[in-house]
Amino acid sequence: RAEEALQKSEEKFQKAFESGPDPISISRLADGRIVEVNASFEKVLGYTRQEVIGKTSLELGIFKDPADREVLKNILQKESRVRDIEIEFRRKSGEILTCRVSAELIDLRGETHLLAIPRDITESKRAEEKLKAKEKSLSHAQQIAHMGSWEYSFETRKAKWSDEAYSIFEFNPNEPVLYYETYLESIHPDERAYVDKIYTDSIRDMTSGEIEYRIVMKDGRIKYIRDRWENLNDDNGKPLRSFGTFLDITDRVRHETEMKERKERLKLVKDIAMEITSDMSIEEVVTNALEGIFNMFPDYRVSYGVRIDENLYRFMASVGPSRLKNIKGTNFNITNAPEFVEALAKGYVVTNDILQDEMVMPLRCQLKELQIRAMINTPVVHAAWLVGVLWLDSDVPRTWSDHEITTLEDVSRYLAVAVKNAQLIEERKKASEELKAESAELIEKNIALNQVLEHLEKDKQNYKEQISESIESLLMPIVKKLKKRDGNLSPKDISLLENSLDAIVGKEINVFRKNLVKLSPRELDICELIREGKSSKEISSFLNLSTLTVHKHRESIRSKLQLKNKSTNLSAYLRTREFLTDSTQSLRN
């Protein structure tokens, strides 16, 4: 019975041996000589049964690397069995085959043999390598495009992500089990609920989806993602899985944002320039610029500090939200903050929190009083000379953006030129007004001079007429007497002649002196000031009199000096007789 059972077992083995789809070989463990092979062995390796029986694999060169047989033999001696070891074999034609070998030690007629089954996996190996190459190429392409792929199973609630998807979200690839909740936690809090709604609605409606949103890295950095997906359902409409892509669009968004912000800054400077006119004062120019900045950043206060001296600034103008006070006219002293002074001289100064920034520690009391917790200070420099500071501040700590800093820099550069132009225009206006005043004064002096000349001409004519009349009435009788008496005159006639000459020559002078004596001491003082060209307002201030009183004195002076012609300029009249008024002090005494 045992022999019959053994015979039946051998028959079954023989049948399985011959009909097996994989190559099978049996060789003695002691010397490695092959004792049997099946038909598949002949077909796969290209050797006939007669060519291999009695020979070793080394003699046939079947192992590409002979050391592999020794490795296989050593393993079998320890464990008696081997499963799926990958070994490369050489066919009779020289072609190399990759096989997955299973082997074990068997007892055959009392002797230990090695039974080996090398399954040819060359094609599948090649397909696997091609697949790996494609996956590597796809991964490389995803890396270049910053695009990662993902797949989500509704049954397991787990996701499978590509390497680039892990890289985009900066997740650890060694922890590949991703849940939907893990993904949601990475989305910006302001957009998390919205993204979840869009995705769940697409599952309910069995539609595809596309959305852009922000994700937050562990260090606080922000990335922008474009997410596209398709949903797959079974025949009953039950969701099976979703698959899609993550595209990192951070660089594109940042570039678009930078371009948008640059256009906004250019427009701001252009609008400020369009609003400024040539008749504006420096303060109006500055206020116009501040209002433009405030319209762009309505949450902050913007001010301009004009430089009073090396370390003292006074806020010329200030514009801000109602919760912050207007600090126009406030002084800001930076004497005790040398680091701040040095930084400002080199460029802009940015402080995110005055309680954390040691550079502004000496200024904290002033800053708190002005409701300032964070600020940007940009110097306004013209021709290498610091003329002022453009100031943007907040009453809460904040991290200032490059856009806010650059905006202040752009406006400060324009403001330096605009303020200088306004200053030059004001100086030209002032010079023009002074020139007009001087011109008006010259015209007035010229009129006065013409009046003096006219008066002198009249006086001259009057003198001629008076002299002519005096000669006619006084001297001619004496001349007639001289003719009658042969040139001899009596003492009485000589005295009469002297009196007549004195009356002719000194008549006007005597009249002026006689009238001058009539003036009071106060009127004499006013005469001296009139002669110096002082106006009634200046005389009233100098003598502490009312303007009305000065006018009354002037009328009295004209009356006492017998100036009946109202067109005669009193100042000019007194100057022509300046040598006579030198003795007014004696008259006053």
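**Exercise 1.** In this predicted model, list the residues in contact with valine 302, leaving aside its neighbours within four places in sequence.

*Solution.* Step 1: apply the contact cut-off, heavy atoms within 4.5 Å. Step 2: read off the partners of valine 302, which are Leu290, Ile293, Phe294, Ser318, Val319, Leu390, Trp391 and Leu392.

**Exercise 2.** Describe how helix H10 and helix H11 pack.

*Solution.* Step 1: Two packed helices are described by the angle between their axes and the distance between the axes. Step 2: the axes of H10 (residues 250-275) and H11 (residues 282-296) come within 9 Å and cross at roughly 150°. Step 3: the crossing is right-handed. Step 4: on the H10 side the contact holds Glu264, Arg265, Leu268, Ile272 and Glu275; on the H11 side, Asn288, Ala289, Gly292, Ile293 and Met296. Step 5: sorted by type, these residues are 5 nonpolar, 2 polar and 3 charged.

**Exercise 3.** Is alanine 289 buried or exposed?

*Solution.* Step 1: Ala289 lies in helix H11. Step 2: the cut-off for buried is under 20% relative accessible area. Alanine 289 has 0%, so this residue is buried. Step 3: beyond residues up to four places away in sequence, Ala289 touches Ile272, Val411 and Leu415. Step 4: the C-alpha atoms of Ala289 and serine 412 are separated by 9.2 Å, although these residues are 123 apart along the chain.

Methods
Residues numbered from 1 in each chain as written. Predicted model: local features only at pLDDT ≥ 70, side-chain atom pairs only at ≥ 80, totals over all residues. Heavy atoms only, no water. Axes fitted to C-alpha atoms, helices over the stretch in contact; angles between N-to-C directions. Helix = DSSP H or I, 4+ residues; strand = E, 2+ residues; numbered from the N terminus. Left-handed = near helix turned anticlockwise from the far one by under 90°. Nonpolar A, V, L, I, M, F, W, Y, C, P; charged D, E, K, R; others polar. Buried < 20%, exposed > 50% of the residue type's maximum accessible area, 1.4 Å probe, protein only.
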